[in-house]
Amino acid sequence: MTYVINEACIDIKDGACVDVCPVDCIYEGGRMFYIQPDECINCAICESVCPVDAIWHKEDLPEVSNEFTRINAEFFGESVTGWGEPGGLTPEYRTELDHPEVSCRPADPAAGD
Ligand code: SF4
Ligand code: SF4
């Protein structure tokens with residue numbers, strides 16, 4: 001089980017969740033943050049601080065966001081960053097890369113206002 005970040009984070013990316021995660025398992029991509037599913041300890045602290053309700057327990061994700069469980073996991077795989085389980089966010093684990101299913105999404109003109 002893990003917590004998952006969904007499409008609501010895309011182009012918002014304020015980093016509030018990163019500041020509170022006790023195990024630093026939330027990593028920065030180009031347009032959103034991603035949770036490393038094997039490092040997440042399911043404490044739910046991040047969920048309570050996200051201003052756009054982008055963080056969900058895997059079991060509670062809205063159906064329209066179901067693919068984000070896979071997208072968060074695949075971000076760490078060979079097809080995207082190849083980071084595996086980095087063991088905690090450090091400067092070397094920030095990237096402009098995104099999962100291809102995130103990169104291809106159109107920009108929300110309201111984001112960043
Ligand atoms: S649930 Fe806890 S451990 Fe998992 S990403 Fe959120 S703050 Fe980090
Ligand atoms: S708190 Fe929410 S919007 Fe902010 S970076 Fe984390 S998931 Fe994205």
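Does Ala 44, with its C-beta neighbours inside 10 Å, count as buried or exposed? Let me take that residue as the starting point, noting at the outset that the structure before you is a predicted model.

Ala 44 has 11 C-beta neighbours inside 10 Å. A residue is classed as exposed when that number is 12 or fewer, so Ala 44 counts as exposed. As to its place in the chain, Ala 44 sits in the loop that joins strand 3 to helix 2, residues 45–49. Between the C-alpha atoms of Ala 44 and Pro 106 there are 29 Å, and the two residues lie 62 residues apart along the chain.

I turn now to the ligands. Ligand 1 is surrounded by 14 residues, the closest being Tyr 3, Cys 21, Cys 40, Cys 43 and Cys 46. That shell consists of 13 nonpolar residues and one polar residue, with no charged residues.

Around ligand 2 there are likewise 14 residues, of which Cys 9, Ala 16, Cys 17, Cys 50 and Ala 54 come nearest. Here the shell holds eleven nonpolar residues, one polar residue and two charged residues.

Finally, I would draw your attention to helix 3, which spans residues 67–75. Which of its residues are buried? They are Phe 68, Ile 71, Asn 72 and Phe 75. Viewed down the helix axis, these buried residues fall within an arc of 100°, and therefore they line one face of helix 3. The general principle is that an α-helix has 3.6 residues a turn, so residues three or four places apart point the same way. The packing partners of the buried residues of helix 3 are strand 1 (3–5), strand 3 (33–35) and helix 4 (100–103).

Note on methods. Residues numbered from 1 in each chain as written. Chains lettered and ligands numbered in written order. Predicted model: local features only at pLDDT ≥ 70, side-chain atom pairs only at ≥ 80, totals over all residues. Near = placed C-beta within 6 Å. Nonpolar A, V, L, I, M, F, W, Y, C, P; charged D, E, K, R; others polar. Buried ≥ 20, exposed ≤ 12 C-beta atoms within 10 Å, placed from the backbone. Helix = DSSP H or I, 4+ residues; strand = E, 2+ residues; numbered from the N terminus. Arc of directions from axis to C-beta. Contact = placed C-beta atoms within 7 Å.
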